[in-house]
Amino acid sequence: MQFIKYPSLTNHYTARRQKFIHFDDDYVSTEKIHGSNVSIIVDNENNIEIAKRTALLTEEERTQKPWNTLAQFATEQKELIVSWSDSVRNLANEYGYGTIKQINFYGE
């Protein structure tokens, strides 16, 4: 699998300049609770890797807080994660994007 860095967040100044947020609409925003950016990465064989903002987790990190929670989730909820991936693949096929090599789910 290929690690892809967690994307930078876009602040409201950039959003206004690029005009992809309509400032007359209502939005709800939240702040990071503890600053841990995470990724769940799924390849075409439904292998699952987990990552922090800068790299895939090592075996040691998978046992340490806060990463152990994500590692446990990925193990216990593999069927759910695979179903998310299947949904993304189905949408990609429906819209003509072709084969997807891997899917990255990002969160905090």
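# Exercises on a predicted single-chain model

Buried residues account for 25% of the 108 residues in the chain. The model is a predicted one.

## Exercise 1. The order of elements

Task: Determine how many helices and strands the chain has, and in what order the elements run.

Solution. Begin with the count: the chain has 3 helices and 3 strands. Next, read the elements from the N terminus on, which gives α-β-β-α-α-β. Finally, consider the contacts between residues at least 6 apart in sequence: 60% of them join residues at least 24 apart.

## Exercise 2. Strand E1 and its partners

Task: Describe how strand E1 is paired and how far its residues are covered.

Solution. Strand E1 spans residues 38-43. Its pairing can be taken one partner at a time.

- E1 and E3 run antiparallel and are joined by 6 bridges. Within this pairing, Asp43 has Gln102 in E3 as its bridge partner.
- E1 and E2 (residues 48-51) also run antiparallel, with 4 bridges between them. Here Ser39 stands opposite Ala51 in E2.
- The hairpin of E1 and E2 has 4 residues between the strands, and Asn46 takes a positive phi near 65° there.

In E1, 6 of its 6 residues are buried. Val38, Ile40 and Val42 point one way from the strand, while Ser39, Ile41 and Asp43 point the other way.

Asn47 is found in the loop between E1 and E2 and is partly exposed, with a relative accessible area of 38%. Beyond its neighbours within four places in sequence, Asn47 is in contact with Met1, Ile41 and Val42. Its C-alpha atom is separated by 9.5 Å from that of Gln102, 55 residues apart along the chain.

## Exercise 3. The largest nonpolar core

Task: Identify the residues of the largest nonpolar core and the element that gives the most to this core.

Solution. The largest nonpolar core has 10 residues: Val38, Ile40, Val42, Ile50, Leu57, Trp67, Leu70, Ala71, Ala74 and Ile81. Sorting these by element, E1 and helix H2 (67-76) each supply at least two residues. The greatest contribution comes from H2, with 4 residues. The core members Val38, Ile40 and Val42 are the residues that point one way from E1.

## Exercise 4. A network of salt bridges

Task: Trace the network of salt bridges that includes Arg62.

Solution. The count of salt bridges comes to 4. Start from Arg62, whose side chain meets that of Glu49 in a salt bridge (3.0 Å, N to O). Arg62 lies in the loop between E2 and H2 and Glu49 in strand E2, so the pair ties together parts that are 13 residues apart in sequence. Continue to Glu59, which forms a salt bridge with Arg62 at 3.6 Å between the closest N and O atoms. Glu49, Glu59 and Arg62 are therefore linked in a network, since a salt bridge is a contact within 4 Å of such atoms.

- Arg62 is partly exposed, at 22%.
- Glu49 is partly exposed, at 25%.
- Glu59 is exposed, at 61%.

## Exercise 5. The aromatic cluster

Task: Characterise the aromatic pair of Trp84 and Phe105 and name the cluster to which these rings belong.

Solution. The count of aromatic pairs is 2. For Trp84 and Phe105, the centres are 5.6 Å apart and the planes stand at 65°. Planes over 60 degrees apart count as edge-to-face, and the pair is accordingly edge-to-face. Trp84 lies in helix H3 (residues 78-94) and Phe105 in strand E3 (residues 102-107), so the pair ties together parts that are 21 residues apart in sequence. Trp84 counts as partly exposed, at 32% relative accessibility. Ring pairs link Phe73, Trp84 and Phe105 into a cluster.

Methods: Residues numbered from 1 in each chain as written. Predicted model: local features only at pLDDT ≥ 70, side-chain atom pairs only at ≥ 80, totals over all residues. Heavy atoms only, no water. Phe/Tyr/Trp six-rings, centres within 6.5 Å; stacked < 30°, edge-to-face > 60°. Buried < 20%, exposed > 50% of the residue type's maximum accessible area, 1.4 Å probe, protein only. Pairing = 2+ DSSP bridges. Contact = heavy atoms within 4.5 Å. Core = buried A, V, L, I, M, F, W, Y, C linked by side-chain atoms within 4.5 Å.
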